[in-house]
Amino acid sequence: MLAGSNTSLPKTTVLVVEDSLSTAGIYKEFLRDEPLDVLHADTGKTALSIIDEHCPRAILLDLGLPDMDGMQILEYVTERELPTSVVVITSRQSVRTAVDAMRAGAIDFIIKPPSADRIVVTLRNALERQRLEEIVETYREQFDRHEFCGFIGSSDRGVA
């Protein structure tokens, strides 16, 4: 187990979208000691079905799928503003592909073959970022800036 993992946390769903069963198996093995429920989709159609049904907290997304480009899945998630973080994992070693993926809403871009540490740390960071964004949003909803958090005060105009 990698340092810093916490098995006392409730399990979080992660979707691995990878057409190679052996590669998906490797990613699942990398994540074995993490508090995650790892689902797998080997086609874009299956991935979209799982996303609609379960909305995973994170997606490890291969761009080269047999039935569609993985960018279509990324755009699907982004357009619907789904509460999931997408990490693109691909063998396409192009700066343009990485830039396009990040512009489309991916939170990170990993070139194959990734190390176990890279996958684990990237997912942990993605899930932590998502958790912090949810906390910030909760505070935004609780406090209206115009109410000044209940503070009332007065002062003389001419006093410095």
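Start by selecting T97, which sits in helix α4 (helices are DSSP runs of H or I, at least four residues, and strands are runs of E, at least two, numbered from the N terminus). You're looking at a predicted model, where local features need pLDDT of at least 70, side-chain atom pairs count only at pLDDT 80 or more, and totals for chains, interfaces and linings use all residues. Residues are numbered from 1 along each chain as its sequence is written, and side-chain values use heavy atoms, with hydrogens and water left out.

T97 is buried, at 15% relative accessible area (buried is under 20%, exposed over 50%, partly exposed in between, with a 1.4 Å probe and protein chains only). Show its neighbours next: leaving aside residues up to four places away in sequence, T97 touches L63, R92 and F109 (contact is heavy atoms within 4.5 Å).

Now widen the selection to all of α4, residues 95–103, where T97, A98 and A101 are buried. Look down the axis: the buried residues fall within an arc of 100°, so they line one face of the helix (the arc is taken from directions from the helix axis to the C-beta atoms). What do they pack against? Select α3 (70–79), β4 (85–90) and β5 (108–111) to see.

Next, the two ends. At the start of α4, a side-chain oxygen of S94 comes to within 3.1 Å of the backbone nitrogen of R96. Following α4 is G105, with a positive phi near 120°.

Last stop: Y139, in helix α5 (residues 116–142).

Methods:
Polar contact = N/O pair within 3.5 Å; in protein donor to acceptor, adjacent residues only side chain to side chain.
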